[in-house]
Amino acid sequence: MYLVIASSVVAIMMAIFVTFLRAKSAQKPASVKKIILPPVFMSTGALMFVNPMFRVTPLEVLEAVVVGMLFSILLIKTSSFEIRENDIYMKRSKAFIYILVGLLVIRIVLKSVLSTSIDFGELSGMFWILAFAMIVPWRIAMYVKYKKLASSL
C-alpha cells in the first residue's frame, strides 16, 4: 500500500513539473527535436521489464496500450501550433491543464483500485506501458501538425 501511495505522490509531482514545463516551452519556438525526444527518453524505461517483477501478461499489455491510446486522444485534441514571428510555437490551451489533472486523477484511482488485485511490479509495468502508449501517438500527431505548419512557412 505504501508503494502505491508513494508512486501516486511521484505521479502528482511529475504532473506539476510537466505543467510548468509545458507553460515554459510555449514561450519558445517548437522544433522537431523537442517533439520527438520525450518518447525517446521515456523509452529507456522499458529496461524495467528486464526485472521479472515488472513483467506483464500479453492481455495486460493490450489493456494498457488501449487505455493509453484512448487517453492520447485528449492530448492530441488540445495540442496545436501557431505561427508567430516566422516561428512555430505551441498554442496555449487552458483545457490541457484540466485534461492533464483529470488523467492524473483517473490514473491514481485506477492504480488504487487495481493495486488490490494486481502485484505492484506488474501494475508499475502496466502504467509505464499506458504512459508510453499515450505519449507516442500524441507526439506523432504533434510531429504531423508541426510538419504541416512548417511546410506553409
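Here is a short chat about a predicted model.

Visitor: Hi! What should I know about this model before we start?
Guide: It is predicted, so local features need pLDDT of at least 70, side-chain atom pairs count only at pLDDT 80 or more, and totals for chains, interfaces and linings use all residues. Residues are numbered from 1 along each chain as its sequence is written, and side-chain values use heavy atoms, with hydrogens and water left out.

Visitor: Thanks! Which residues form a nonpolar patch on the surface?
Guide: Tyr-2, Ile-5, Val-9, Val-10, Met-13 and Met-14 do, with about 660 Å² of accessible area together.

Visitor: Where does Val-10 lie?
Guide: Val-10 is in helix H1, residues 2-25.

Visitor: And how do H3 and H5 pack?
Guide: Helix H3 (residues 58-77) and helix H5 (residues 120-151) pack at an angle of about 40°, and their axes are 7 Å apart. That angle makes H3 oblique to H5 (angles under 35 degrees count as roughly parallel, over 145 as roughly antiparallel, 65 to 115 as roughly perpendicular and the rest as oblique).

Visitor: Which hand does the crossing of H3 and H5 have?
Guide: The H3 and H5 crossing is right-handed.

Visitor: New topic: how many salt bridges are there?
Guide: The count comes to 1 salt bridge, meaning a side-chain nitrogen of Lys or Arg within 4 Å of a carboxyl oxygen of Asp or Glu. Arg-84 forms a salt bridge with Glu-82, and their closest N and O atoms are 3.0 Å apart.

Conventions: Patches are made of residues with over 30% relative accessible area and no salt bridge: like charges are joined within 9 Å, nonpolar side chains (Val, Leu, Ile, Met, Phe, Trp, Tyr) within 5 Å. Accessible areas come from the Shrake-Rupley method with a 1.4 Å probe; for residues, only the protein chains shown count as cover. Helices (H or I, at least four residues) and strands (E, at least two) are DSSP runs, numbered from the N terminus. Axes are lines fitted to C-alpha atoms, for helices over the stretch in contact, and angles run from 0 to 180 degrees between N-to-C directions. A crossing is left-handed if the near helix is turned anticlockwise from the far one by less than a right angle, and right-handed if clockwise.
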